Structure formats: C-alpha cells, structure tokens
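Trainee: I am new to this structure. Please take me through it with a few questions.

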Amino acid sequence: MKFKTWIYCYIGVQLFCTPVFAEQIELNGMQSLTIADMLQKNGENDKAKTTYYALLNDPDYRVRTESVFRLAQIATNEQDYTSAIKYYLHILKYYPNSVLARLELARAYFMNGDYSLAEEQFLFARATPNLPEPIVKNIDTFLTAIRKQKNWSVESYFSFVPDSNLNYASGAGEECINSSFGVFCRPLEKQDSGIGIRFGADASYYLRFTKNFGLKTTLSLSGLEYSGNQYDDYSLRLAVGPRYTFTNGEISLQPNIAWRWYQGAPYTNQYGLLLNTTWQFGRNWMLSGGVSWDKNSYIDDHIDKFLSGNSVQLYIQPRYYFDNKSFLMSGLSFGHSGAKMDAYGYNSVGFALGYYNQWPLGFATFLRGDVSFLHFLDEKFFIMEDYNYQELKRSDIVYSASVRITNRFIEWNNFYPALTYTYIQRTSNIWSQEFDKHRVELEILYRF
C-alpha cells in the first residue's frame with residue numbers, strides 16, 4: 001500500500017516546515033496489517049476495514065486470510081453477526097482444521113440465535129485433540145446455554161428424486177404354479193422408474209417454564225410426489241410433551257398423533273408416545289437414543305382387518321468425534337411391527353455405520369451403510385420359484401448404502417445444496433420379494 005508525502009509546518013519565532021515522509025512509501029501486506037491492527041485497537045474501525053478490504057487482493061494468502069479474520073472480529077464487535085458468520089465460513093472453506101475460526105463461528109451463530117448451527121460447531125471444536133481444559137469448559141457452558149435458551153429448531157429439505165424402482169418390484173417376469181391341469185402363470189409387477197419431488201420440514205418449539213423444564217412441541221411434514229398419484233406419499237405428525245434439560249443433555253416425552261395419505265387418499269391414522277434423549281459425555285462422545293410406541297389403524301376396513309396393530313421401536317446411536325471436522329456414528333435398533341394377522345407382522349434388528357468429514361472448499365461427505373434383519377411372525381403360503389407352493393415364515397435382509405455430498409459455503413440464508421446417492425437391496429427366502437433399487441437426490445437443505 002502507498003502513502004502520500006505530507007508537510008507539517010510550525011509557526012513560532014520563525015517558520016519551520018518538516019516533511020513527515022520525504023518520499024512516497026509502499027508497504028507490504030504484513031506491514032499494512034500492522035497499521036490496520038493499530039487502527040482497530042484505537043477504535044478506528046472504518047479506517048481499519050478499508051485497509052483490510054484492500055488487502056483481500058494481496059498476493060500473500062496469509063495476509064488475505066488474516067484480513068478476513070479481522071473483518072470477522074470487527075463485525076462481531078459491531079454485532080453484525082450475519083457478516084461475521086460469512087467471514088468465518090470463508091476461512092473454514094479453505095482451512096477446515098482451523099479451531100479458532102470454528103470456535104468464533106460457533107460463537108457468532110450463538111449470538112445470532114442460530115442455536116442448532118452453533119451446537120454443531122461447538123461439538124466439532126470440543127473434540128480437537130489437546131484443546132486446553134479452560135476452553136473445553138467454556139464450550140460446555142455454551143452447549144448448556146443452547147439447550148436452555150433455544151426457542152426454535154427447524155430443519156427442512158426439498159429434492160428432486162430419480163428412482164429406478166418406485167414400486168419395489170423384483171424385476172421377475174412372471175410367477176407360476178403347478179396344478180393337476182398344468183402350469184398356470186401370472187405376470188408380476190414390472191419395475192417402475194421415474195423422477196419425483198421429495199420435501200419435508202421438522203420444526204420444534206420450546207416453551208420454558210423454568211431454566212431446565214418446559215414443553216416441546218414438534219410438527220413434522222413429509223411428502224413424496226410423482227406424476228399421477230400412484231406413488232404419492234404424505235404424512236403429518238404433531239407431538240407435544242414435557243422436556244427436561246441438564247448439564248450434558250436433554251430428555252423429552254411426547255404423546256403424538258399422525259396421519260398418512262397414500263396414492264391421493266387418506267391411508268392411516270396413528271397415535272402413540274415418543275421418548276427421546278441426547279447425552280454428551282467425555283470430550284468426544286455424543287449419544288442419542290429413543291423408544292416409541294404407536295397404534296396404527298387403516299382407513300380402508302379391509303386393509304385394517306389384516307394390518308392394524310401396535311408397533312414399538314427402540315434405537316441407540318452413539319457418535320464419536322475424531323477432531324474438529326469429522327466423526328464416526330453407529331446405530332443399533334430393535335423393532336416390532338404388529339398386525340391383526342401375524343403373518344404380516346414382523347420383528348426387526350438394524351445396524352448402521354456412518355462417517356462424516358469436512359474438506360477444503362466447503363465440501364463435506366457423509367458415507368453410511370445399513371443392514372436390517374426382518375423376521376415375520378407367522379407362516380403364510382407362498383408360490384416358490386420351482387412352481388410349487390409352501391407355507392413358511394418370511395425372512396428378509398435389507399441392505400442400504402449411501403453417500404451424501406454437501407457444501408455449506410454455496411448457501412443463501414442457511415439454505416445449502418446436497419447430492420445423495422442411495423442403493424438398496426432386499427434379499428428374502430421368498431424369491432418374489434427380492435429387489436434392488438438406485439436413487440439419486442438433488443437436495444436443497446435448510447437448518448436453523
């Protein structure tokens with residue numbers, strides 16, 4: 001940066017004129033940073049910002065990065081948290097390992113009231129190896145305050161969904177059976193593919209009665225829309241119940257009611273009870289868990305005679321943070337889906353494993369694999385692949401693998417894009433129930 005020559009004159013007994021700078025001086029980036037820092041410390045923020053803005057084009061990346069960081073500091077001090085968040089995100093775009101930028105980003109989110117986003121960043125920062133204990137305790141103070149102070153949490157998504165097998169068909173051409181009059185065959189449903197729209201939102205409102213106790217109200221909406229209404233699927237759930245927060249987590253118990261519309265018509269009514277908890281322990285662990293009970297009834301009386309019943313689900317999901325940008329999650333679930341006819345009810349056990357990591361340029365990936373074992377409760381007659389029929393209990397294994405790529409720095413007002421690919425395969429002792437499918441989702445996500 002260049003500074004002009006100035007002349008300073010003092011009129012006393014005689015005239016003295018002294019040049020402050022005898023000639024034009026050009027400072028390098030580091031020297032300019034020093035001057036801007038002095039201006040900032042003296043409270044001359046406007047002049048400091050002018051210098052930092054000019055240094056954003058400096059050839060030295062260290063000067064550019066430091067300028068962005070100091071602009072973020074000024075924005076935070078001026079309570080312009082929206083600008084501060086953008087600056088810190090910009091730094092993490094190129095340096096996802098920066099603990100200081102992540103901590104300051106978390107604090108800016110917190111001051112801006114974006115509690116879910118602040119919690120996410122604090123949890124990552126907390127797992128940084130060799131992080132001083134006073135900083136860890138300070139983070140815990142923020143995490144506890146988030147649980148107690150947040151009024152809203154909102155998550156939503158909108159995506160285009162190409163699907164190779166909308167109807168979960170096996171792909172086999174026909175099903176045949178031997179008889180005394182010969183072999184009789186019928187065509188099986190062909191795999192149907194298409195591109196649809198999937199969308200949903202999950203909003204929770206927290207009404208506080210005391211610092212630790214209150215009421216949690218959750219409204220969840222999801223929809224899947226394809227051409228026509230053959231595969232349309234909508235659901236709505238309302239849950240209201242007490243919530244208690246403590247130093248390392250929270251627990252809530254919510255009675256709920258839900259409705260489902262399928263193929264353009266009302267399909268089920270449901271009511272139940274949901275218990276959820278999250279618990280943070282140690283420096284690197286976060287544990288989520290829950291149990292639910294639901295009573296399902298079907299609008300169609302004929303279907304209700306077969307399928308109505310109680311269902312129970314239990315899940316445990318620990319998460320381990322390796323550092324300030326990656327974690328490993330696992331999951332274990334147990335389920336019971338009852339039906340008036342036991343042959344349509346089943347017990348299930350599921351396992352999940354996933355890995356999340358942030359990369360330079362704002363990208364993050366999440367890899368996940370799931371396997372579920374389903375064992376039906378009673379025998380039923382099935383036509384086998386050898387053209388004979390047999391009475392047996394159906395047993396399935398469902399495999400799922402997915403990869404999601406997100407970019408939090410291509411965002412607008414907390415909306416950001418994601419691309420997800422999922423492969424699902426079901427094997428079964430009933431050949432006609434086997435299938436596989438591919439699904440791609442181009443999503444727009446929102447989190448507050």
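Mentor: Gly 29, Met 30, Leu 33, Asp 37 and Gln 40 in H1 meet Arg 62, Val 63, Glu 66, Ser 67, Arg 70, Gln 73 and Ile 74 in H3. Contact means heavy atoms within 4.5 Å. The model is predicted, so local features need pLDDT of at least 70 and side-chain atom pairs pLDDT 80 or more, while totals for chains, interfaces and linings use all residues. Residues are numbered from 1 along each chain as its sequence is written, and side-chain values use heavy atoms, leaving out hydrogens and water.

Trainee: How many charged residues does the contact of H1 with H3 have?

Mentor: Asp, Glu, Lys and Arg count as charged; Ala, Val, Leu, Ile, Met, Phe, Trp, Tyr, Cys and Pro as nonpolar; the others, Gly among them, as polar. By these classes the contact of H1 with H3 has 4 nonpolar and 4 polar residues, and its charged residues number 4.

Trainee: Are H1 and H3 roughly parallel or roughly antiparallel?

Mentor: Helices are DSSP runs of H or I with at least four residues, numbered from the N terminus. Axes are lines fitted to C-alpha atoms over the stretch in contact, and angles run from 0 to 180 degrees between N-to-C directions. H1 (residues 29-41) and H3 (residues 61-77) pack at about 10°, with axes 10 Å apart. Angles under 35 degrees count as roughly parallel and over 145 as roughly antiparallel, and H1 and H3 are therefore roughly parallel.

Trainee: How are H5 and H6 oriented to each other, roughly parallel or roughly antiparallel?

Mentor: The axes of H5 (residues 99-111) and H6 (residues 115-126) come within 8 Å and cross at roughly 160°. That makes H5 and H6 roughly antiparallel.

Trainee: Is the crossing of H6 and H7 left-handed or right-handed?

Mentor: H6 and H7 (residues 133-149) pack at about 155°, with axes 10 Å apart. A crossing is left-handed if the near helix is turned anticlockwise from the far one by less than a right angle, and right-handed if clockwise. The crossing of H6 and H7 is left-handed.

Trainee: How many aromatic pairs does the structure hold?

Mentor: Rings of Phe, Tyr and Trp (its six-membered ring) pair if their centres lie within 6.5 Å. Trp 279, Phe 281, Trp 285, Tyr 320, Phe 322 and Tyr 355 form one aromatic cluster. The number of aromatic pairs in the structure is 29.

Trainee: Which ring does the charged end of Arg 319 sit over?

Mentor: A charge sits over a ring if NZ of Lys or CZ of Arg is within 6 Å of the ring centre and within 35 degrees of the ring normal. The charged end of Arg 319 is 4.3 Å from the centre of the ring of Phe 327.

How values were computed. Helix = DSSP H or I, 4+ residues; strand = E, 2+ residues; numbered from the N terminus. Parallel < 35°, antiparallel > 145°, perpendicular 65-115°, else oblique. Phe/Tyr/Trp six-rings, centres within 6.5 Å; stacked < 30°, edge-to-face > 60°.
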